[in-house]
Amino acid sequence: MLMEIGQTGDVVSGSMRKILRGLSLAGFLFLGLLAIQVADMSEMNAWAGSPPSSKSTKAAGDAERGRAVFNGKGVCHYCHGIDGNKDQRPQLSADTAMLITQLNPQPVDLRNPDVLRLNTDKQRARAILDGHPGTGMFPDTTMTNQELADTLAYLALLRQAGSSKKP
């Protein structure tokens, strides 16, 4: 029986060397087959219509769902009024209503583009999520990305409605 000295100084027989080569070849083949399997699965997902990466696309907003967030979970309507009508606020507790009347500056009329200071959806999203410094607007940390996109779509409708009222 032929004996050799391996790289670590251990004695390795010829038959053992063949087994080790076979294992390394099997491992190589296994990794190759695994790579092919993963490629096949990704192609299947493409055929199945898998959604594109969220990093490369922006979530589309649904204004009607945004209206529900604005007038509900988001409590935007407390200060900005139901559907953005500042004169039409919901029934609030006396304490909450008093606090809103004391805000300085007062909440802006979201239907009047002339008084809006935030000009991009990125600025509006930051104000919604982080609060609006220098105002009484507090951050909404419970809003999902989809609810944010929906709310921004609804805010666009409010601005559009305000713009169409101008002569």
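D83 lies in the loop that runs between helix 3 (77-80) and helix 4 (94-101), where helices are DSSP runs of H or I with at least four residues, numbered from the N terminus. The model is a predicted one, in which local features need pLDDT of at least 70 and side-chain atom pairs count only at pLDDT 80 or more, while totals for chains, interfaces and linings use all residues. Residues are numbered from 1 along each chain as its sequence is written, and side-chain values use heavy atoms, with hydrogens and water left out.

With a relative accessibility of 15%, D83 counts as buried, a term that means under 20% relative accessible area, as against over 50% for exposed and partly exposed in between (1.4 Å probe, protein chains only). The side chain of D83 is joined to that of R67 by a polar contact of 2.7 Å.

Helix 5 (residues 121-130) has R124, A125, A127 and I128 as its buried residues. Seen down the helix axis, these fall within an arc of 160°, taken from the directions from the axis to the C-beta atoms, so they line one face of helix 5. The face turned away from this buried side carries the exposed residues K122, R126 and D130. Helix 6 (145-164) is included in what covers the buried residues of helix 5; leaving aside neighbours within four places in sequence, L152 is in contact (heavy atoms within 4.5 Å) with D121, R124, A125 and I128. Just after helix 5, G131 takes a positive phi of about 90°.

Technical notes. Helices (H or I, at least four residues) and strands (E, at least two) are DSSP runs, numbered from the N terminus. A polar contact is a pair of N or O atoms within 3.5 Å; within protein, one must be able to donate a hydrogen and the other to accept it, and residues adjacent in sequence count only if both atoms are side-chain atoms.
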